[in-house]
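Open your viewer and have the selection panel ready. We will walk through a few stops together, one selection at a time.

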Amino acid sequence: MALLARQESSGYDLAQRLKRPLGFFWTAHSSHIYSELARLEEVGFITAQVVTQPTRPAKRLFSVTESGLAALRTWVTSPIEPSPPRDELVLKAYAIWLADPAQAIALFRQQQELHAARLAEYEHILARIEHEHGEQLDITLPDFGNYATLHAGVYAEQASVAWCRWMVEQLTNHSRQEAEQG
């Protein structure tokens, strides 16, 4: 609904808009999008308008109703329960004592590079937003949501890069100690 509050969209448009920037932290399959649209329409939070297209099948454009906006405003500030994290790399770190140190170092270096690349992408987008709006973006603008989520992404990626670097250091130190003793 947050996407529809910004701009009326078809289900296909929503799926495309979920790729960036929302895809950085939230994903949904097309089947979920369409079932959620049907549910939101059923409860009166969104409405659909059929738009005929000369060279394509008709499409349905969805928009948020006043009751949908009210529900969204309530939802935005309602407390949430923290989700249990599911991070395969952390799970691998838990069992890393079983791994060949050289392979473990390679894994964590690769992950560090991937997180560093994502961090650079986030920082690039953040810089573009700050160039367009300044560093004190008005919180009442829809772009503030992009700005806020990008900051969350930057902090998360900085932490991941630092942790992967730390893991590489730990594994490298262990390998050096083993080589000195062996």
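This is a predicted model: local features need pLDDT of at least 70, side-chain atom pairs count only at pLDDT 80 or more; totals for chains, interfaces and linings use all residues.

Residues are numbered from 1 along each chain as its sequence is written, and side-chain values use heavy atoms, with hydrogens and water left out.

**Stop 1: helix α6.** Select residues 101-133, which form helix α6 (helices are DSSP runs of H or I, at least four residues, numbered from the N terminus). Now color Phe108, His115 and Tyr122, which are among the buried residues of α6 (buried means under 20% relative accessible area, exposed over 50%, partly exposed in between, with a 1.4 Å probe and protein chains only).

**Stop 2: the ring pairs.** How many aromatic pairs does a search of the whole structure find? There are two (rings of Phe, Tyr and Trp, its six-membered ring, pair if their centres lie within 6.5 Å; planes under 30 degrees apart count as stacked, over 60 as edge-to-face and the rest as tilted). Select Phe108 and Trp163: their ring centres are 5.6 Å apart and their planes at 80°, so this pair is edge-to-face. Phe108 sits in α6 and Trp163 in α7, 55 residues apart. Then select Phe144 and Tyr147, whose centres are 6.3 Å apart with planes at 55°, so the pair is tilted. Both lie in α7, three residues apart.

Notes: Helices (H or I, at least four residues) and strands (E, at least two) are DSSP runs, numbered from the N terminus. The expected span of a helix is 1.5 Å times one less than its number of residues.
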